[in-house]
Each structure stands twice: as C-alpha cells, then as structure tokens.
Amino acid sequence: MLPLDPQADLGRRAWIPCPRCADAEGCDPCGERRNCPTHWRYLLSNTGSLLHLQCPGCTHVWTHETGFGATRSLWDASPGA
Ligand SMILES: [Zn+2]
Ligand SMILES: [Zn+2]
C-alpha cells in the first residue's frame, strides 16, 4: 500500500469510483451519483479537467479526465469542511 499523499485533505474530496478496489459497487448513493458519505476520494490536485485522486481505502493514485473545463459539482473544495 502506498502512503497517503501529503496533499490528501479531508476538505478536498471527489466522488469518483476507484478503478482498483471498486468499493462503491452495489452502493445506493454511489449508484445514484450522489455524494456518498462512505465512498469518496482525496482530490490531491486538479489541472483543468484532469483530476489527481487518491483512494482512502486502497491508497491507489490515479488521474481522472472529467472532459469538462470546470466541474465544480464533482468535487467539494470548501475550506475547513
Ligand atoms: Zn480504492
Ligand atoms: Zn457509496
């Protein structure tokens, strides 16, 4: 397992399914694309439409191309959350 990235911050989360552990499979909120309280990923950084993510469950790190310029609805960057 990789260590958690130093950039990992609970205040910056994204609701993107993890390609490695697929822990959100069969989950109701995830299936409905809602912001699930259980299955979320650390948003390490984002460059344009490319998100740099880390899964808190299996610590897998990957990039996710959203295909949009600004996808604020996908992630929660509220300070102090
Ligand atoms: Zn995972
Ligand atoms: Zn879920």
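1. Let's start with A22. A22 sits in the loop between β1 (13-14) and α1 (28-31). Its backbone deserves a look too: phi is positive, about 45 degrees, although A22 is not a glycine. Bear in mind that this is a predicted model.

2. T59 also has a positive phi without being a glycine, this time near 60 degrees. You'll find T59 in the loop between β3 and β4. T59 counts as partly exposed, because it has 17 C-beta neighbours inside 10 Å, and that label covers counts between the exposed limit of 12 and the buried limit of 20.

3. Now for the strands around that loop. β3 and β4 make a hairpin with six residues between them, and T59 belongs to the turn. The two strands run antiparallel and are joined by five bridges.

4. On to β2 and β3. These strands are antiparallel as well, with five bridges joining them. Y42 stands opposite Q54 of β3. Two residues separate the strands in this hairpin, where G48 takes a positive phi near 60 degrees.

5. What makes up the largest nonpolar core? Six residues do: A14, W40, Y42, L43, L51 and L53. The elements giving two or more residues to this core are β2 (41-47) and β3 (50-54). As background, nonpolar side chains in soluble globular proteins tend to be buried together.

6. Last, E65. Is this residue buried or exposed? E65 is exposed, because it has 9 other C-beta atoms within 10 Å, against a limit of 12 for that label. E65 belongs to strand β4 (residues 61-65). Leaving aside residues up to four places away in sequence, E65 touches S49 and L50. G48, the positive-phi residue of the β2 and β3 hairpin, is 17 residues from E65 along the chain, with 9.2 Å between their C-alpha atoms.

Note on methods: Residues are numbered from 1 along each chain as its sequence is written. Chains are lettered from A and ligands numbered from 1 in the order in which they are written. This is a predicted model: local features need pLDDT of at least 70, side-chain atom pairs count only at pLDDT 80 or more; totals for chains, interfaces and linings use all residues. A nonpolar core is a set of buried Ala, Val, Leu, Ile, Met, Phe, Trp, Tyr and Cys residues joined through C-beta atoms within 7 Å. Helices (H or I, at least four residues) and strands (E, at least two) are DSSP runs, numbered from the N terminus. Two residues are in contact if their C-beta atoms, placed from the backbone, lie within 7 Å. Two strands pair if DSSP finds at least two bridges between them.
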